[in-house]
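Please read these notes with the sequence and the coordinates open. The points are grouped by topic.

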Amino acid sequence: MLLSAIVLILGITLFIYILVNNNINYTLKNDEASGATTNEAKNSSPIIINNILLGGVYNSKFVSADKFFFNSNNKNGTKIDMYSSEGKIGEYEIKGIKKGDSKTIYIETSKENLTTEYFGIKSDLQNGFKKLNKYDNISEDEIKSIKKSFGIYSILNSSFKIVDSYEIRTTDNTLKIFTVSNEPGKGMGAYSALVVYDELTKKSQCIKYNYVRNVKDAKDFGIISLKFVLDANGDGTDEIIIQETKEFEVIYSVFENIKGKYYLVLSSEISI
């Protein structure tokens, strides 16, 4: 009875919130990268996606993009391995780094005429790159688990559609990663989410959820897509890299598994 009352109160609160706010964005965050020490930032190596600096890493600790930019010794001349969705492209060097008009920090590399999306990290970092294998044999139990992961936000999901699904196999587990949205034109508003299903625990976590109430005013609504899965900080656990595409900007984000939960640890945006 008490639990039902709490759920009802939360539901009413959320309903009131969306009446006065057009957008809802949910994720768990870990801000340790912004608190990296000067020594950690000084020795950190870059993490790059599509010529955009996401941040840095030193001794398995993430470093924010700003701290890397102002402190790191690993800039020009640093060798990085580039990966496309299909695997390693090659080893290249950083040729330049600069801040744009916005908060974006750009990286120039020795790879010319690059037309493929890529992820780049220091060459000597053991990254365990994972190829994204399409996964189509989705079970009813997996669908139930995905829907359950939305929690209180499920009241906003008037319909359910799996946009993309992938299977990532590790040495001791299998992850299934889903991007989910609503059926076009059904219900109030629209949502986009990314959910990770753990084959060992048979449980799902929604690591990013975006909702917009008024689809005619959706400039701040981000459509989520999965870009890469690999061990970006060399600690033996894979990170998930996603993209959010908005009307006027693109956001790239890195999610780290910390004690069984995925947290946003690095993020950079670029105007389009």
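1. Aromatic pairs. With a pair defined as two rings of Phe, Tyr or Trp (its six-membered ring) whose centres lie within 6.5 Å, the count comes to nine aromatic pairs. One of them joins Y26 and Y153: the ring centres are 5.6 Å apart and the planes stand at 45°, so this pair is tilted. The plane angle sets the class: under 30 degrees counts as stacked, over 60 as edge-to-face, and the rest as tilted. Y26 belongs to strand β1 (residues 23-26) and Y153 to the loop between α4 and β10, so the pair ties together parts 127 residues apart in sequence. Helices (H or I, at least four residues) and strands (E, at least two) are DSSP runs, numbered from the N terminus.

2. Basis of the model. This is a predicted model, in which local features need pLDDT of at least 70 and side-chain atom pairs count only at pLDDT 80 or more, while totals for chains, interfaces and linings use all residues. Residues are numbered from 1 along each chain as its sequence is written, and side-chain values use heavy atoms, with hydrogens and water left out.

3. Y26 and the ring cluster. Y26 is partly exposed, at a relative accessible area of 26%. The classes are buried (under 20% relative accessible area), exposed (over 50%) and partly exposed in between, with a 1.4 Å probe and protein chains only. Ring pairs also join Y26, F150, Y153, Y191 and Y209 into a cluster.

4. Y135 and F178. The ring centres of Y135 and F178 are 6.4 Å apart and their planes meet at 65°, so the pair is edge-to-face. Y135 sits in the loop between β9 (133-134) and α4, F178 in strand β11, and the pair links these distant parts of the chain, 43 residues apart. Y135 counts as buried at 10% relative accessibility, and F178 is buried at 0%.

5. Charges over rings. A charge sits over a ring if NZ of Lys or CZ of Arg is within 6 Å of the ring centre and within 35 degrees of the ring normal. K75 lies over the face of F69, 5.4 Å from the ring centre. K147 lies over the face of F160, at 4.9 Å from the ring centre.

6. Helix α4. Which residues of α4 are buried? In this helix (residues 140-149) they are E142, I143, S145, I146 and S149. They cover an arc of only 160° around the axis, which puts them on the same side of α4; the arc is taken from the directions from the helix axis to the C-beta atoms. An α-helix has 3.6 residues a turn, so residues three or four places apart point the same way. E140, D141, K144 and K148, on the other side of α4, are exposed. The buried residues pack against β10 (161-169), β11 (174-181), β12 (190-198) and β13 (203-212), where contact means heavy atoms within 4.5 Å. After α4 comes G151, with a positive phi near 55°.

7. Largest pocket. The largest pocket holds about 820 Å³ of space. Of its 34 lining residues, L175, D198, N257, G260 and Y262 are the closest to its centre. The elements giving two or more residues to the lining are α4, β12, β13 and β17 (261-271), and β13 gives the most, with five residues. On a 1 Å grid over the protein atoms alone, a pocket is an open set of points where a 1.4 Å probe fits, with protein on both sides within 12 Å along at least five of seven lines; lining residues have an atom within 4 Å of a point. Grid points are joined across faces, edges and corners, and the volume is the space filled by probe spheres set on the points.

8. I80, in strand β5 (residues 79-84), counts as buried at 0% relative accessibility. Leaving aside neighbours within four places in sequence, its contacts include P46, I48, Y92, I94 and I121. K29, in the loop between β1 and α2 (38-43), counts as exposed at 57%. K29 touches Y263 and L264, not counting residues up to four places away in sequence.

9. N50 is not a glycine, yet its phi is positive, about 50°. N50 lies in the loop between β2 (45-49) and β3 (52-58) and is buried, with a relative accessible area of 19%. N59, also not a glycine, has a positive phi of about 55°. N59 is in the loop between β3 and β4 (61-64) and is exposed, at 61%.
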